[in-house]
Amino acid sequence: MKDLNLTEEMVLWAVWRLKDNAYGVTIRDHIVRKTGRCCPYGTLYSALAKLEKLGYARKTVADPSPWRGGRSRNYYRITPTGVAALKAALELKTALWTKDSVLALEKS
Amino acid sequence: MDSPASFRPPRLAERLLEATANDGESSAIAGDIAEEFQRRAAEEGAGKARRWYRLFVLQSLPSFLRHFVSWSLTMLKNYLTIALRLMNRHPAFTFINIAGLAAGMACAVLIGLFVVHERSFDRFHEKADRIFRVYADTRDDGGMFRVAWTAPPLAGALREDFPEVEAAARLSPWPREWLLAAGDKSLIEKDILFADASFFSMFSYVFLYGDRETALESPGTVVLTRTVAERFFGTGDPVGRTLTIRDLKRDYRVTGVIEDPPLNSHLRFGLMFSLIGTSQAAGTRWNNNSLFTYIRLRPGVSAGAFEEKLPAFTKRRYGPQFFAETGKRYEDYFDQGAEGPHHGYRLEPLTGIHLNARVTDTLSLKGSASHLKLLAAVAFFVLFIACINFMNLSTARFAHRSREVGLRKVLGSRRGQLIAQFLGESLLLSLTALVLALGVISLVLPAFGRLAQRPLVFADIFAGGFPALLAGIALFVGLAAGSYPAFFLSSFSPQATIKGRFAVRGKGHALLRRGLVLVQFAVSFAVIFGTGVIARQMDLFNNRALGFDRDHVIVINRANMLGASATAFEEDLLARPEILRVSRSESLPGRHFDSTGHLLEGRPATEEQTLMMTYVDERFAGLLGLPLAAGRFFSPEIPTDKTSAVVINEKAAKVLGLSNPIGTRFHKTFGEAQPGEFVTVVGVLKDFHFDSLHREILPMIFRPLAPGNWRLTSVKVRGERLSDTLAFIQKTWSTYTGGQPFTYSFLDQDFGALYESERRAGRIFGIFSALAVLVACLGLYGLISFSAEQRMMEIGIRKILGASTASLTGLLSREVLVLVGIAAAAASAPALFLAQAWLKSFAYRASISPLLFVSTAAVLLLIAFLSVAYRAARTAAQSPVVTLRHE
């Protein structure tokens, strides 16, 4: 299993949280609201493409709609391997950030 | 959120987004941006949302572009791979396709270079557009003459009478061949001309030493070109040094050196002597045409309007002299209607002299506008055939790829991509052909330059319109050839294209292909036919009975240098068995003859008749084998023959209206003639062609040779061991002249030189027509290969059902042969028309026999059959097992 980088991790996390409603706008929105920062769509979509390629997320194309200028929505759903990857990322983080190290970081 | 779109994003940014994000993923992104824009507009107001939209699109642009470019490169790589793989798979086909087009382009460029060079003549002179040569347009009983030689007083009179004339200069254009000496160096120089002082201020030659305005001002001065100056004086400044013309025993002072003149000039000279002070320059007679006259008009003066003032001018100037000489008023004699005698002057632009064939001027290396047109037509046709070929073959090749198109479509290619792919591939081929063509041109250009006798250089390709032309051709051909598959194949649904190669079998396509083949072979027919006509005309030139014997005659130039020892020289020669006859003369057939007015005894002065005139000795007729029509030739036994006898040709007798010319008398106008002296016609020679077959035989008079007129000695020898004979003549010459240079030529070659222009055109035409046919046949071969492959299955089935190889070969080639036959028939009429137009420029024309049509068609059919039959037979001979498995 391949490790996620930070952007991928955030995006995959958002896709997981948004469940049925994960597509470009909502994903970006969600990340911004939760973390206060995000990325242009270009970066977002290259992360999504990567996740898709790794098999962590699956894309479905919805019908085009007029308020999107006649363009369709790409919905993403997390896959079981994606969930596993998120878990792995969390494990890595908890392994790093033990209480001791958090305290030490705050002091420094 | 799912409310209808109520706000419009900024137009420009939206367009930008659409242009860059228009496929797959990007489309979704664009959709996201649009959606977010709508939301923001609803929440924060339209203005803020629009600002955000603009900023956002700008921010995303770089990454969109990177994405776009990287995908394009990937696809390009794929296209290239496919293209190269296909080229590799059919190497012969690819070679035929590219080489054919390259050959066509190379042809067109070579001829284009030649045409551009020919049209560049004399344009290097500043103010060239205002310089004109005045030519004489006259008519008398002998016929019409448009000659470049004009009367000596003309230039001065024009300058005096017309303020429009800014400058005028005269030139004595006969290139003399004289022995020149400076210090201890003596050399024969050929390109010797004489000109007025104003010559160098009118024409833009570059002076290295000396002063352009005054160089030829005084008599006895000469201006040299750099090459000639270095030959005599080395590299220093020779102004003020002395140059001696040995033939005239006169000294000349060098007053200037000019840079070697550009080769694209109608005037070729190595030395320009001052015309001032020569008897020719001092001439005052208006009916003595012997000099070129050039004038430069003031800016803004119309040449046409100026020309219209010339008849009145001629009458004013020539009238009094005419009256004094003939007792007739000018207006009573000249200008009596269209058919009457006429004496006029007209202008031809300096830049047009080189290609103007209507005015006779016997300049060497004269161009020919009609040959140029012919060549340009051939160039166009070869290129045209090559282009058609390229399109035909490309189309055939692309048609094989309907499956690829189908597959690409299934995999998501959009039509635009397919169009770009095919156009690009076709362009790749045509650009390769262009590069190949440039290589070929650089290789053959020197040889072509020698053939055309023009200094053509490769660098010229990068000047003028050539780069644009070449790029234009490559682009046009590439796009045109690619457009069929690009727009036609790409328009079908993937289902249809994958199913089969239906597109190729479409009726429209076959019709187009047949049409193109038809056009190709019609053009080929015309070109082969034209070559045939030129060859026949050359045959006529070479083999027509000229009325004299030109073989094995050695002509010694400057023979008068022998002086008093001439008789001893000739006796020494005639003592050898291989030397048959010797004769002295002023000129010989194929060389220049002067013409002068002659008046019969008892006729009024107005009936003076212009006759070509030359001086010959009594052995002349024998040496050339000229038969007499009446009377006798000059005889050494009759003393009066040396002074008061003349011989004329049949044409002269006819023009003069003499039924029994022997014994009639002309006023004597040569030697030490007193008024009232006459010369008697003692003989009439049968007409012979003393001039090129371009012109009809003119009336001619032969006068007895006096030492002062003697220039040439002709020696008739036996045909074998020619070089020994020549060596002997040269040795004897050296003995008697004290080592004077020996220059000689052969009469048949001199005469042949008159048709140099036709010979060159014929050879160039021949080469390029062969190329045209070759290219057309390459195309045919390619097409038949293609169609044979298409019909593999059919052939296999036919074979199983009992068809023989021969009948199958017939089946495959029949269509093509029928097409070629139709093409030949269709092209006959235009080819005949063109050939007749070309032949019009000759007084003596080859006939065009029906046989020529038949043989041309036969040649064409044979070539076509050979190129088709080989391929067809190979296909037909294949085992049905192989052919049936093919699809």
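In the predicted model, B:H117 lies in helix α4 of chain B, which spans residues 91–119; helices (H or I, at least four residues) and strands (E, at least two) are DSSP runs, numbered from the N terminus. Residues are numbered from 1 along each chain as its sequence is written, while chains are lettered from A in the order in which they are written. Because the model is predicted, local features need pLDDT of at least 70 and side-chain atom pairs count only at pLDDT 80 or more, whereas totals for chains, interfaces and linings use all residues.

With 19 other C-beta atoms within 10 Å, B:H117 is partly exposed; a residue is buried if 20 or more other C-beta atoms lie within 10 Å of its own, exposed if 12 or fewer, and partly exposed in between, with C-beta atoms placed from the backbone. When residues up to four places away in sequence are not counted, B:H117 touches B:N264, B:R454 and B:L456, contact being defined by C-beta atoms, placed from the backbone, that lie within 7 Å. B:L456 is 339 residues from B:H117 in sequence, yet their C-alpha atoms are 7.6 Å apart in space.

Chain A comprises five helices and two strands, arranged along the sequence as α-α-α-β-β-α-α. Of its 108 residues, 33% are buried. Among the contacts in chain A with a separation of 6 or more, 52% involve residues 24 or more positions apart.

Within chain A, A:K50 is placed in helix α3, residues 41–54. A:K50 is partly exposed, as 18 other C-beta atoms lie within 10 Å. A:K50 and A:L4 are 46 residues apart along the chain, and 9.8 Å separates their C-alpha atoms.

Notes
Contact = placed C-beta atoms within 7 Å.
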